[in-house]
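Hi there,

Here is the structure I promised to pass on to you. Have a look at it first, and then read my notes below.

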Amino acid sequence: MAVLIFANGDMLASGWLSPYLAQATMLLAADGGARHLQAIGQRPDVVIGDLDSFPAVLREEWRAASTEFVTHPEAKDETDLELALLYAAANYEDEILVFGGIGGRLDQTLANMLLLMHPQLRHRKIRYLTQYQQIWLVLDDTEIRGERGDLVSLIPLQGDVHVRSTSGLRWSLTDEVLTFGPARGLSNVMVDDIAAVSVRSGCLLCIHTSQLWER
């Protein structure tokens, strides 16, 4: 089970969302991310943000249907997605899945990725998903489920990362350091349907890309 958050980034297709919607314990929209839910005929349980990107007509319709609105002033330090993530982390124990968090403006996409390092979020299980990619923070051990031929990129954040071991990847790491800056950890290849990464110290961004994405 998972809490699903819809942000206002790009999302070009929707059919792949069905398995995630089926396991959702709660649907949250970060302001303009509500458009993605509206497009697939879903209504969020909660809408969070300053509502500057939210249609007034839809607000009244959803409020009448019991959607909760958690509003914030436009002049604020946090992004709408940050507020949604903090709300989900404070109110639910489930894994948090974010859709529409990638794409569009580069500054917003980068800021969204770095929210995984937020002091109140970094120890929560949070994943950003697109149709062909999943992105999450690794602080200790993680498992990557996919198919042989999928790509896995391991990118250090906030300094060097000491990797204890990897398995299921073409280019393995054993008791090695990935240095912050160089692109050494980019585009490794899965040789099994399940790969694993174990981190001794540091913060590692793991990006799993399906081979079905022909890019």
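How many bridges join β5 to strand β6 (residues 126-129)? There are 4 bridges, and the two strands run parallel; strands count as paired if DSSP finds at least two bridges between them. One of the links is between L97 and its bridge partner in β6, R127. To get from β5 to β6, the chain passes through helix α5 (residues 106-114), and this β-α-β crossover is right-handed. Right-handed means that, with the strands pointing away from the viewer, the path from the first strand over the helix to the second runs clockwise. Helices (H or I, at least four residues) and strands (E, at least two) are DSSP runs, numbered from the N terminus.

Before going on, please note that this is a predicted model: local features need pLDDT of at least 70, side-chain atom pairs count only at pLDDT 80 or more, and totals for chains, interfaces and linings use all residues. Residues are numbered from 1 along each chain as its sequence is written, and side-chain values use heavy atoms, with hydrogens and water left out.

Strand β5 (residues 95-99) also pairs with β1 (residues 2-6), through 5 bridges, and these strands run parallel. Here L97 is the partner of L4. In β5, 5 of 5 residues are buried (under 20% relative accessible area, with a 1.4 Å probe, protein chains only). E95, L97 and F99 cover one side, while I96 and V98 are on the other.

Finally, find S210, in the segment after β12 (194-209). S210 is buried too, at 16% relative accessible area, and touches Y132 and D150 (heavy atoms within 4.5 Å).

Enjoy exploring!

Note on methods
Buried means under 20% relative accessible area, exposed over 50%, partly exposed in between (1.4 Å probe, protein chains only). Lists of a residue's contacts leave out its neighbours within four places in sequence.
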